[in-house]
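This report walks through the fold shown below, from its sheets and cores to single residues. Please keep the sequence and the model at hand while reading.

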Amino acid sequence: MNYQAVFEEAIVSLKDEKRYRVFADLERQTGKYPYACYRNGTSTREIAVWCSNDYLGMGQHPKVIKAMTTTVENMGTGAGGTRNIAGTNHPLVMLENELADLHQKESALVFTSGFVSNEAAISTIAKLLPDCLILSDQLNHASMIAGVRNSGVAKKVWRHNDLEHLEELLKAAGNERAKLIVFESVYSMDGDIAPIEKIADLADKYNAMTYIDEVHAVGMYGPRGAGICERDGVMDRIDIIEGTLAKAYGVLGGYITGNKTVVDAVRSFAPGFIFTTALPPGLAAAATASIAHLKASKEEREGQQRQAQRTKDILSAAGLPVMPSQTHIVPVLVADPDLCKQATDMLLEKHNIYIQPINYPTVPRGTERLRITPGPFHNDAMIEHLKDALVDVWQTLGISFQNTGIDDLEAPGAILHHAAGG
């Protein structure tokens, strides 16, 4: 066996399919977000970042920075161990209290990332439920698919946001069987929103538990930033609400919230929680400061929603193929992996704009796109510059300005993606 050749062939196949990922060496600059220093070999220049998940720029907020630096000076850097072995630091306990309050739940549990929280919580909850059937939305994130797969229980994938299909599966399973419905509030590649209240109605009707991923909504929607569930007044209808501290809150980590018994069961049985070093106190304090600020301040949310809508309007008016989106996500269709990479390379090299290409398997083949995430610090002049740059790229590379057939392209690829992951 030529082990080296196996890995070389795998990388070559990615490059041949134009799916090989290249990381940009970026150095963010406090006070200048969304600008960053781009390092390419020996050259350095300033660029504008248009694809960050630090949606509200909270990673540079003075309150968040102060909370982290003060805590590090007082308590040191690392957590010192797992939660069970000296790692349950006081700022982490305070963070979990803050999160439980945010979602109006009895309890919260913090993990080292949103991926880990989904994988650990979904797999553990499903394993503990006897003869559990997981009903998973077709477009769920890879971390949720990992949780479904690692649970080892039976699963059914329901067509994206298709309530009739979900009800068919629930009805077939019967009211007596344990069932866990797992879905997202905001789907990050398309920017659409789940019909949460109607899903909760079906869960009540067929005696199922509900688990929602709000990672692309927490901090940004609802009066206190608790997400789409808060905005729509249905937080009490969902059993487990999962979120992240690494996007709108600008720090690091994932979490779940729910009633004490379920959260305690995950705490007690999930290997992804038990055997992982705890979140360090500085990060926990920074996240708490960010959450507390966004509970009280609407300025960042309103600014983001205003600039996201303006970006959609300006790009659409220029004839660019902006895909339909109900949220702050602005997807622009390219529909070709090679052109997608060429477009982002040209944006970076010619226009000093950084946007990462989104190709298969993140999205179905034929729906390759740019995923743009405007925030409150992307001012009107930057939006105009983005529009001009995109038009130039589209014309130079001969990318289609048409946005037709997208609905037909999405469904089959997405089903295959979930089936491969699940």
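## Model and conventions

Helices (H or I, at least four residues) and strands (E, at least two) are DSSP runs, numbered from the N terminus. Arginine 371, for instance, lies in strand S16 (residues 369-372).

The model is predicted: local features need pLDDT of at least 70, side-chain atom pairs count only at pLDDT 80 or more, and totals for chains, interfaces and linings use all residues. Residues are numbered from 1 along each chain as its sequence is written, and side-chain values use heavy atoms, with hydrogens and water left out.

Two strands pair if DSSP finds at least two bridges between them. An open sheet of seven strands runs in the order S4-S12-S11-S10-S7-S5-S6, with mixed pairing. Its edges are strand S4 (107-111) and strand S6 (154-158), each of which pairs on one side only. On average, neighbouring strands of this sheet are turned by 20° against each other, direction ignored. Axes are lines fitted to C-alpha atoms, for helices over the stretch in contact, and angles run from 0 to 180 degrees between N-to-C directions.

S4 and strand S12 (residues 254-258) run antiparallel and are joined by five bridges. Serine 107 has glycine 258 as its bridge partner in S12. Helix H10 (residues 260-269) packs on the sheet and touches S4, S10, S11 and S12. The direction of H10 makes about 25° with that of S4. Contact here means heavy atoms within 4.5 Å. Helix H5 (residues 114-128) lies across S4, strand S5 (133-137), strand S7 (179-184), strand S10 (209-213), strand S11 (240-244) and S12. H5 runs at about 170° to S10.

## The three-stranded sheet

S13, S16 and S15 form an open sheet in the order S13-S16-S15, and the pairing is antiparallel. S13 and S15 are the edge strands, and each pairs on one side only. Two bridges link S15 and S16 in the antiparallel sense. Proline 357 stands opposite leucine 370 in S16.

Two helices pack on this sheet. Helix H13 (residues 299-317) touches S13 and S16, and its direction makes about 20° with that of S13. Helix H15 (residues 380-397) also touches S13 and S16, and its direction makes about 175° with that of S16.

## Nonpolar cores

A nonpolar core is a set of buried Ala, Val, Leu, Ile, Met, Phe, Trp, Tyr and Cys residues joined through side-chain atoms within 4.5 Å. Buried means under 20% relative accessible area, exposed over 50%, and partly exposed in between (1.4 Å probe, protein chains only). The largest core has 57 residues. Those with the most contacts inside it are Leu95, Leu99, Ile181, Phe183, Ile196 and Leu245. Helix H8 (residues 196-206) gives the most to this core, with six residues. Apart from this core lies another, of 33 residues, including Ala36, Ile47, Val49 and Leu386.

Leucine 99 touches Ala108, Val110, Leu245, Tyr255, Thr257 and Ile291, not counting residues up to four places away in sequence.

## Arginine 371

Is arginine 371 buried or exposed? Arginine 371 is buried, because its relative accessible area is 5%. Leaving out residues up to four places away in sequence, arginine 371 touches Trp50, Cys51, Asn53, Tyr55, Ser188, Met189, His216, Ile329, Val330, Ile355 and Ile358.

## Backbone exceptions

Most residues other than glycine have a negative phi, and most peptide bonds are trans. The peptide bond from tyrosine 33 to proline 34 is cis, with omega near 15°. Proline 34 sits in the loop between strand S1 (25-28) and strand S2 (35-40). Tyrosine 360 and proline 361 are also joined by a cis peptide bond, with omega about 10°. Proline 361 is in the loop between strand S15 (357-358) and S16.

Asparagine 161 is not a glycine, yet has a positive phi of about 55°. Its place is in the loop between S6 and helix H7 (163-173). Alanine 335, also not a glycine, has a positive phi of about 70°. Alanine 335 lies in the loop between strand S13 (330-333) and helix H14 (337-351). With a relative accessible area of 34%, alanine 335 is partly exposed.
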